[in-house]
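I opened this notebook to keep track of what I look up, starting with charged pairs and ending with the ligand.

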Amino acid sequence: MSRTEIKIGGFGGQGVILTALIIGKAASLFEGRESTMTQSFGPEARGGACSAQIVVSDMKVRYPYVTVPNVLVVMSQEAYTRFEPQLDENGILLIEEDLVKSGPTRGKIRAFSIPATRFAEELGRKIVLNIVMLGFFTSVTKLVDADAVRKAIRDTVPKGTEELNLKAFEKGYEYGLNKLKEEKKKLG
Amino acid sequence: MKADPKGVLTGSHYLDGDHACCEGALAAGCRFVAGYPITPSTEVVERFSARIPRVGGIFIQMEDELSSSIAILGASWAGVKSMTVTSGPGFSLMMEHIGLAVMLETPCVYVDVQRGGPSTGLPTLPSQADMMQARWGSHGDYEVIAISPSSPQECFDMTIDAFNLSEQYRTPVFLMMDECVGHMTEKVVIPPADKIEVTPRRYTKLPPGKYLPYKPDRDLVPPIVKAGDGYRFHVTGLTHNEKGYPVMSADCQETLVHRLVDKIRVNAKKIIRYEEEKINGADVIVVSYGITARVAQQAIELARKDGVKVGSLRLVVVWPFPEKRIRELAGKTKAFVVPEMNYGQIVFEVERCAAGRAATFLVPHGGGTTHNPEDIYKKIMEAAG
Amino acid sequence: MKKEHPGAPLLRMDRIPHIWCPTCGIGTTLNCLISALSASKLDLDKVSVVSGIGCTGRGAGYIKLDSFHVTHGRAIPFATGLKLANPKLKVIVFSGDGDIIAIGGNHFIHAARRNIDIVVICVNNFNYAMTGGQVGPTTPLTANATTMPFGNYEKPFNLPYLAESSGAVYVTRWTALHIRRLTGAISETLNKKGFSFIEVISPCSTIYARRNKLGDGLSLMKFYHDNSEIKHGANTRDVNIEFQKKIVVGKFVDIEKPTFLEARDEHYRRVLGEKYQPYGGIG
Ligand code: SF4
């Protein structure tokens, strides 16, 4: 796929923007592809809601915004309600299952959920929930190379927190691989 | 001259346009920024204020845009490359000092991260509606240089260009960004310092006593001096002679203003920059700039799929305007399509130069987001007839 | 032999005659500045003078130093940029009350608050003279102005009080009659660090005095002579000026405080340590 649109939604303090930044950086700096990251600065950025968008492409990104996301990552109920209708009907939906109650899926949307907050708490820092989600995103979507994402994490997170963040990444990554296996089984 | 490595953050980065602009300024040798917070430009000064104590230089957050826009002129006369950064409402407040910068022939850079207007408008969302203000906003007659980047990488590169042009022509230069490029994050490659060309200030070689502050060189640009070097020069916003002394006469006005205008017009060929693609034989040429040029490219490709011969002319330097080129093309193409995030500004320039020899179509957009490529596509199809 | 004006080495003699009216106090004030500069040990190549717009704003055009005649009200922010970009310069703002206190009032209080190391000489003639005598921020109550044709009802600023409360480290007021004292005050500020403010009460015989029927230049000087009261250290609260009443003059404030650059330097050395790159200007 030459152009993929990704949208991440949640609330302030969850690290939504950082997650998008790492995905974009992994693609641009560590995979040699093109990516454009934009965040909602508009009135929708107020009231605690927070979202970021990334376009990843093998060619130069022209139109910078995400219009019909191919992948939607939601970490709050509000983000789910607001952005799910925009998701491409062949898209992938990634859900933080303790924070979002999701309804039935549309069209050919593939939905996967993960208790990322719980995993983050088990790792001792609830704050790494976004990195757990990132790991989950990486294995389920295969959009960006896992090693590139690992490098981008090291390059982005505050000094001294690299190991914790990488652990969080692996946790989500493994969980995603298992989810894919489950899906395969189900589909026979 | 090569860039001072102290300010150059060589490497590949993932930066938004605002941050990239700050790095461009540092690479260009800018060591003085005065600013006043205003969305969506504030990140530039935030980064500068964090970087400059470790590079060596000054940031001051002034009490308003009036003072920021003249503090940089004071700094420039102290011999230091300087810049201020703002958006719509602040840009309006700066207009008087743009005139002063032109009149004193002070090298400096004004960055406008355009947002929706008029008035407070859309602080967090883009527009390209200050393009004519950049050209005509201050009173009196003058010419300016304005550059329009369309990506964070270009925000870096073109901030350097802006400084270089301001030194070359002793004039304020505008970097006309917009909220979209300012806040979009992409890969930005910063080369090593020895790969970055910076234009040094054109200091006079004459000793005090022989030097005249406004006696131009052959390219109509007068060599400059700085405060503290013993020249005991005078500069004034009043109409002045070569000595810099005020002279209230029509003759002096004619000599001075004519040169100020010609300084840019005569050198326009060297200043103007645009990028063309598939212009030859095109039935429709899309003329665009800034972020809109990227969006337009998508529309152009759609139209080409439909078999329409579409060319693209992207203005990199918007002012001075490439009049000659548009005139030439007007004789060869059927129509120009001009998408811009406003209700018609640069389109009037295109129309003027086309002078009826090619049809001109505006694709207006009030701002708040970029065009939908579909709208530009439709206009291309309409223009192709 | 033609006798040279004593200030000639520091005057742009090729611009004389100047535009000021006979008996105007601006020329006197400029002379005091020139005397103070000539007597000082400063390297005059490193002294810059910045003026705004108005009768006093023409000052920068006559003094033979690096001199800048900028926009209305903005001499202080220009001076701020000049001084911060090259801390080795001594920067003097020479302008009028309307310029510095009305249109430029915001810059005045903020430069004082930051303690920008500049000298501000404010010639106060109680009105906008260049534009023909309109009311200003210093016009005394009841005084007549073209835009207060029935007398002024707006309360004026007390400039020393404003300067002190904004943070100035040196505040003084003299009249154009007090040539020696004014010159002395300017000399002091040339060696002082921080935001120094000198208010000079100055006769505008052509406009303000005529409109208010205060007599000719000589009677204005006589008025200053009879009504100035020297009170060094007076509380600036108490030095407001009423129409044709006594004028309290003297040195009111002379304190030490870190300047903007000193505070910045000290702060960054502390918080950034080795990583801090001190800045001393270029060249
Ligand atoms: S109008 Fe008044 S202030 Fe102006 S020069 Fe004449 S006397 Fe002086």
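Entry one. I looked up Arg135(B) and found its side chain in a salt bridge with that of Glu143(B), at 3.3 Å from N to O. I note that the model is a predicted one.

Entry two. I turned to Glu275(B), which forms a salt bridge with Arg314(B), with 3.2 Å between the closest N and O atoms. This pair links distant parts of the chain, 39 residues apart: Glu275(B) lies in strand 11 of chain B and Arg314(B) in strand 13 of chain B. Glu275(B) has a relative accessible area of 40% and is partly exposed. Arg314(B) counts as buried because its relative accessibility is 7%, and buried means under 20%.

In chain C I found a salt bridge between the side chains of Arg270(C) and Glu266(C), 3.3 Å from N to O. The two are separated by about one helical turn, because they sit four residues apart in helix 10 (residues 260-272) of chain C. Arg270(C) is exposed at 54% relative accessibility, while Glu266(C) is partly exposed at 45%. I also noted a network in which salt bridges with shared partners join Glu188(C), Lys192(C), Lys251(C), Asp254(C) and Glu256(C). Over all chains, the structure holds 52 salt bridges.

Which residues are around the ligand? I listed them, among them Trp20(C), Cys21(C), Cys24(C), Cys55(C) and Asn125(C). Helix 8 (residues 205-211) of chain C gives the most to this shell, with three residues. By type, I recorded eight nonpolar residues, three polar and no charged in the shell.

Methods. Residues are numbered from 1 along each chain as its sequence is written. Chains are lettered from A and ligands numbered from 1 in the order in which they are written. This is a predicted model: local features need pLDDT of at least 70, side-chain atom pairs count only at pLDDT 80 or more; totals for chains, interfaces and linings use all residues. Side-chain values use heavy atoms; hydrogens and water are left out. A residue is near a molecule or strand if one of its heavy atoms lies within 4 Å of it. Ala, Val, Leu, Ile, Met, Phe, Trp, Tyr, Cys and Pro count as nonpolar, Asp, Glu, Lys and Arg as charged, and the others, Gly among them, as polar. A salt bridge is a side-chain nitrogen of Lys or Arg within 4 Å of a carboxyl oxygen of Asp or Glu. Buried means under 20% relative accessible area, exposed over 50%, partly exposed in between (1.4 Å probe, protein chains only).
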